[in-house]
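Please keep the sequence and the coordinates at hand.

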Amino acid sequence: MSTSTTVPGSETQGRPPDQRWLGWLLPIGFCVVAVGLFAGSGGPTIPVPPARAIEPSALHVAPRRTALSDPAHIMIEGVPQRCNGCHQIFDSFGTTVAARNYHQEIRLSHGMNDRCVNCHSEKDREQLELRDGTRVPYAQTPLLCAQCHGTVFRDWERGTHGKTLGSWVTQSEAQRRLSCNECHDPHSPRYPSYEPMPGPNTLRMGTPLAPSHGHSASPLQQWFHHSQSPTGGQEPHHD
Amino acid sequence: MTDVRIWDGPSARPPRQEPELTRRSFLRTGAAALGGMAALAAALSPLRELASDDIPDLGQFLQKHYKEMTPTDMEAALERIRRKVEERFEVRPHLRDIKPMEGVEFVYALNLSRCIGCRKCVHACVAENNQSRSPEVQYIRVIEMPRGTLDVERGNHHYDRPTVPDPNHFYLPVQCHQCANPPCVKVCPVEATWQEPDGITVIDYDWCIGCRYCEAACPYWARRFNFARPHLPKEQLNPTMSYLSNRPREKGVMEKCHFCLHRTREGRMPACVEICPTGARKFGNVLDPHSEVSQILKTKRVFVLKEEVGTLPRFFYYFDERYPNSLDPEAVAIAHRLKAEEGDAYGLPPGPDGPRREFIAAAQPQWWNGGRA
């Protein structure tokens with residue numbers, strides 16, 4: 001079995017002159033490419049999701065709640081009233097929440113800790129009282145909480161629990177460590193649930209499980225399914 | 001093998017003949033040339049869609065690499081960017097080039113036990129850093145993960161619940177980890193991205209050629225590409241910006257989280273840390289032993305994502321102690337049982353000897369060991 005080898009040039013020499021029309025292939029090919037490029041320019045139009053407006057108030061940075069400040073007072077019909085203004089005149093009807101007549105707005109849900117005087121001083125309502133009888137102002141609430149929540153207090157002192165505002169520079173004047181009661185409601189300390197802000201609608205942040213996540217697939221995947229499906233791409237809505 | 005010819009010098013080449021210009025060859029060559037030019041023009045036709053401000057002016061075209069710019073060059077570049085921003089957004093920006101601080105290396109820590117998945121960080125980041133709103137570009141991904149796994153393939157970016165957190169899931173936010181051994185920097189063919197002395201990997205948006213190698217190299221999917229011209233409403237522009245961070249980008253460049261360096265290099269917190277409602281996000285200088293992040297690295301069991309790929313991230317995650325609360329069905333069941341058993345004694349103020357230890361211990365769920373190892 002012999003392998004035929006062609007010497008370059010031998011084919012041209014042997015080509016009969018009536019095949020010269022082959023030379024027209026080049027310009028015809030160019031023209032086909034040109035028409036194709038021109039007609040096909042732009043590529044697929046991928047749907048760009050419209051811009052979504054985020055309410056600026058949702059991004060307001062502040063402590064979650066306003067803690068009671070010293071001297072302790074509450075607003076009654078728009079007028080600030082010191083605690084002892086009432087409590088030195090009127091006697092409290094018992095020390096459990098169930099027995100109260102006033103402060104109905106307080107929802108107490110602090111586990112087993114359901115007596116007012118566990119934390120509030122019975123003698124001086126503008127102060128808090130530790131278990132050893134020491135009275136502390138409201139500004140020092142963490143000392144009171146630390147009696148039961150020791151490990152959290154330890155972490156808070158180190159800075160590994162809690163929130164810091166202003167500056168990351170240690171000992172900076174702009175730095176502000178939030179106190180326990182600026183995040184947690186002392187009467188109902190469990191952190192509340194939040195309504196989540198809208199999820200991503202970015203071009204690539206899809207999930208590999210696009211069909212099972214239907215409406216939430218990335219726009220690229222939606223475009224892909226749209227072009228694949230014979231029904232015109234009505235994505236089934238899943239929840 | 002008989003007709004193998006041995007080249008015997010230039011003298012053996014037949015004399016070159018002048019090509020004969022016939023009508024046929026003229027038409028054929030002309031048609032080929034015309035068709036070729038048509039194909040070239042058609043191939044260039046997408047350029048028709050270029051907007052006038054997509055084309056760089058001479059100053060931008062001749063602008064040097066960030067590291068090669070003299071202060072005069074930089075001031076000229078800043079002024080040019082200010083002018084363009086003013087034309088486009090009708091706001092005079094406060095644009096600077098902020099250099100890293102001495103003796104600072106930034107580290108981020110994230111407490112996964114505290115993150116509730118509210119996505120406020122995502123949108124605070126977008127508002128701060130002038131990302132495109134349409135199509136959306138976001139630096140932070142928050143992944144809802146089933147409890148008991150760190151396999152992100154089982155996570156969901158698109159969770160849509162009335163309220164978060166969901167007790168059966170935890171939430172894993174991922175953004176640029178500012179690796180000490182960054183693969184994205186290694187692959188960049190034009191050195192448009194590099195690591196700064198304070199640990200932040202930055203991008204010169206004017207030097208980036210948009211090849212997206214870095215996006216492919218990043219194991220954390222932290223880099224974002226501007227596929228389309230970024231659209232940002234004028235009233236939402238943050239006018240406080242810096243060259244390497246949040247100045248408006250163009251189509252075809254990469255961008256990513258830069259730890260808000262225009263804020264953090266002036267001592268402020270990144271936008272995501274500032275907004276976080278639970279304090280799950282912690283940021284600081286790891287070279288300062290008293291900083292919060294140093295304390296976390298010392299006292300918490302931190303971990304990084306994809307440790308095995310050797311990127312040495314500066315972004316640490318940790319789980320904190322869980323405390324029994326009313327979200328925990330086990331703790332709630334125990335509390336109800338105790339309340340029934342204790343009867344009237346339940347909830348009395350602690351006595352002079354303190355809360356009864358056995359009572360407290362019994363109130364903990366089984367996984368709680370009282371803080372002992």
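The C-alpha centres of domain 1 and domain 2 of chain B lie 26 Å apart. These belong to a division of chain B into domain 1 (57-92), domain 2 (106-318) and domain 3 (321-373), with bounds that come from an automatic or database domain assignment. The model is a predicted one, in which local features need pLDDT of at least 70 and side-chain atom pairs count only at pLDDT 80 or more, while totals for chains, interfaces and linings use all residues. Residues are numbered from 1 along each chain as its sequence is written, and chains are lettered from A and ligands numbered from 1 in the order in which they are written.

Ten residues of domain 1 of chain B are in contact with nine residues of domain 2 of chain B, contact being defined by C-beta atoms, placed from the backbone, that lie within 7 Å. On the domain 1 side, helix α3 (residues 71-89) of chain B gives the largest share, four residues. By class, this side of domain 1 of chain B has six nonpolar, three polar and one charged residues; Ala, Val, Leu, Ile, Met, Phe, Trp, Tyr, Cys and Pro count as nonpolar, Asp, Glu, Lys and Arg as charged, and the others, Gly among them, as polar.

The secondary structure of chain B comprises eleven helices and twelve strands, where helices (H or I, at least four residues) and strands (E, at least two) are DSSP runs numbered from the N terminus. Four of the strands form an open sheet with mixed pairing, in the order β10-β2-β12-β11 (chain B); two strands pair if DSSP finds at least two bridges between them. At the edges stand β10 (281-285) and β11 (302-303) of chain B, each of which pairs on one side only. Strand β2 (residues 106-111) of chain B pairs with β10(B) in the antiparallel sense over five bridges, and B:Y108 stands opposite B:F283 in β10(B). Helix α9 (residues 292-299) of chain B packs on the sheet and touches β2, β10, β11 and β12 (315-318) of chain B. The direction of α9 makes about 110° with that of β10(B), with axes fitted as lines to C-alpha atoms, for helices over the stretch in contact, and angles running from 0 to 180 degrees between N-to-C directions.

Between the chains, the contact takes 57 residues from chain A and 70 residues from chain B. In chain A, the elements that give two or more residues to this side are α2 (25-40), α5 (150-158) and β5 (164-165). The largest share, eight residues, comes from α2(A).

Technical notes:
Two residues are in contact if their C-beta atoms, placed from the backbone, lie within 7 Å.
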